[in-house]
Amino acid sequence: RGVILDDVVLSGVNLTGADIRGVDLRYVTFRDATLNSVNLANANLRDFDLRNTSLQNANLSGANLRYANLSGAKLQQANLVNARLDDVNLRYANLIGAELDSVSLRNADLRGANLDAKYIPNDNFIAEASDFIKWGDNRYTKGDYRSAIAYYNRAIETDSDSEEAYTSRGMANMNLNNHQAAFEDFKEALEINPRYALAYNYRAYLYLKQKEYQSAISDFDRAIEFNPQYSHAYNGRARIYIIQKDYSKAIENATKAIEFSSKYAQAYNNRGLGHYALKNYQAAIQDYRKAIKHSYRWKEAYYNSGRAYYAIGEYKYATKRFDKAIKINRNYVDAYYYRSLARFARNKYEDAIKDCNRVISRNPNYAAAYENKGKSLLALKNTLEAKKALEQALKIYTVNQDIPSVERVKEVIAKMMF
């Protein structure tokens with residue numbers, strides 16, 4: 001502190017972690033320097049040449065950076081709270097994770113910059129619609145749809161003919177269950193560009209969400225018409241055909257999706273569901289294996305794989321798959337239930353009962369869990385408790401008007417009487 005660095009060139013120098021608060025930095029050139037984690041709180045950096053400088057995790061809170069050139073600078077995780085960035089050049093700077101609370105950006109040039117701040121001030125800075133869309137997308141991927149919409153609004157204010165901005169805002173509105181607003185956004189995007197496949201695709205998913213399957217298929221068809229290699233649209237059609245139990249078409253469309261996107265986990269999962277429904281269990285297992293490979297901790301893929309192994313009598317492998325699903329989500333009720341079935345099939349009746357109890361504690365109206373608990377107790381010759389569990393299953397099945405299950409449980413109880 002108290003040192004004077006007058007007209008010093010520090011280009012390319014590594015000063016990582018340095019505390020240079022109070023240092024007189026008049027006319028210092030930091031271009032291309034490494035200043036990661038430096039403490040420059042309240043520093044006067046007006047007019048400084050900081051092009052391509054690395055300032056990751058730096059403390060620049062309260063600093064005066066007016067007219068500074070920070071183009072291409074690396075400012076990830078930097079503290080810029082209360083910093084003065086008026087008239088600064090931030091073109092192509094990386095501001096991911098930077099703290100921008102109460103920052104001043106009047107007349108700053110942010111074109112090409114990348115940031116993910118929840119909010120930025122409404123200062124009159126320079127940015128293009130594509131920039132606002134990118135920043136909105138960064139918030140969208142974090143699940144912060146409201147902040148994303150704020151950025152998309154700025155994009156539309158900048159360019160009212162941006163079909164991409166309207167479509168992105170529609171996606172965010174869809175995730176917030178603002179369905180009417182989403183429909184209006186997709187409509188606006190398609191009025192701007194009637195051949196915009198992305199808008200057709202996401203409007204189709206909105207129709208799918210509302211169970212308007214024919215309208216969804218129609219929009220998926222249009223998306224594929226304008227983008228014949230649109231894997232998401234093919235997979236969307238596959239999902240609908242699964243719902244409609246047209247499993248051959250589901251497999252066909254999922255296969256097309258995989259053809260154009262070989263690591264598309266959801267498409268492998270949907271194709272697996274189609275094969276499973278057609279009792280092509282080995283093919284289903286192969287698809288679920290790829291769905292697991294190309295996803296991260298996807299509980300449904302493990303669960304579906306477990307069911308396929310169970311269907312071919314590979315109860316030990318099935319149990320392991322259900323274990324994985326439950327490890328990802330401790331409240332995965334269906335996984336507990338199917339693991340109880342696999343354990344029952346392996347004569348592990350006490351473990352099966354434990355899983356049934358886990359199901360019941362989370363969903364007291366899960367009739368099938370009472371049924372398997374009753375059968376497990378019966379296998380352990382605990383007839384009294386078995387009858388109680390089976391009668392509870394019968395009661396719930398009756399309320400649900402599940403006649404085949406009612407008859408099945410009645411038959412088990414009847415056999416107990418002899």
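User: How many cavities of 30 Å³ or more are there by this rule?

Analyst: The count comes to one cavity of 30 Å³ or more. On a 1 Å grid over the protein atoms alone, a cavity is a set of points where a 1.4 Å probe fits but cannot get out, and lining residues have an atom within 4 Å of a point. The model is predicted: local features need pLDDT of at least 70, side-chain atom pairs count only at pLDDT 80 or more, and totals for chains, interfaces and linings use all residues. Residues are numbered from 1 along each chain as its sequence is written, and side-chain values use heavy atoms, with hydrogens and water left out.

User: What lines the largest cavity, and what class are the residues of that lining?

Analyst: Leu-85, Leu-90, Leu-95, Leu-100, Leu-105, Leu-110 and Leu-115 line it. Ala, Val, Leu, Ile, Met, Phe, Trp, Tyr, Cys and Pro count as nonpolar, Asp, Glu, Lys and Arg as charged, and the others, Gly among them, as polar. The lining therefore has seven nonpolar, no polar and no charged residues. The space in the largest cavity is about 30 Å³, where a volume is the space filled by probe spheres set on the points, and grid points are joined across faces, edges and corners.

User: What makes a space a pocket, and how much space lies in the largest pocket?

Analyst: A pocket is an open set with protein on both sides within 12 Å along at least five of seven lines. The largest pocket holds about 280 Å³ of space. Of its 13 lining residues, Tyr-205, Asn-235, Arg-239, Tyr-264 and Gln-266 are the closest to the centre.

User: Which helix supplies the largest share of that pocket's lining?

Analyst: H5 does, with five residues. Helices (H or I, at least four residues) are DSSP runs, numbered from the N terminus. H5 (197–209), H7 (231–243) and H9 (265–277) each supply at least two residues of the lining.

User: Why is H7 called roughly antiparallel to H8?

Analyst: Their axes come within 8 Å and cross at roughly 160°. Axes are lines fitted to C-alpha atoms, for helices over the stretch in contact, and angles run from 0 to 180 degrees between N-to-C directions. Angles under 35 degrees count as roughly parallel, over 145 as roughly antiparallel, 65 to 115 as roughly perpendicular and the rest as oblique. H7 is therefore roughly antiparallel to H8. By class, their contact (heavy atoms within 4.5 Å) has nine nonpolar, three polar and three charged residues.

User: How do H12 and H13 pack, and at what angle?

Analyst: H12 (residues 315–328) and H13 (residues 333–345) pack at about 155°, with axes 9 Å apart. That angle makes H12 roughly antiparallel to H13.
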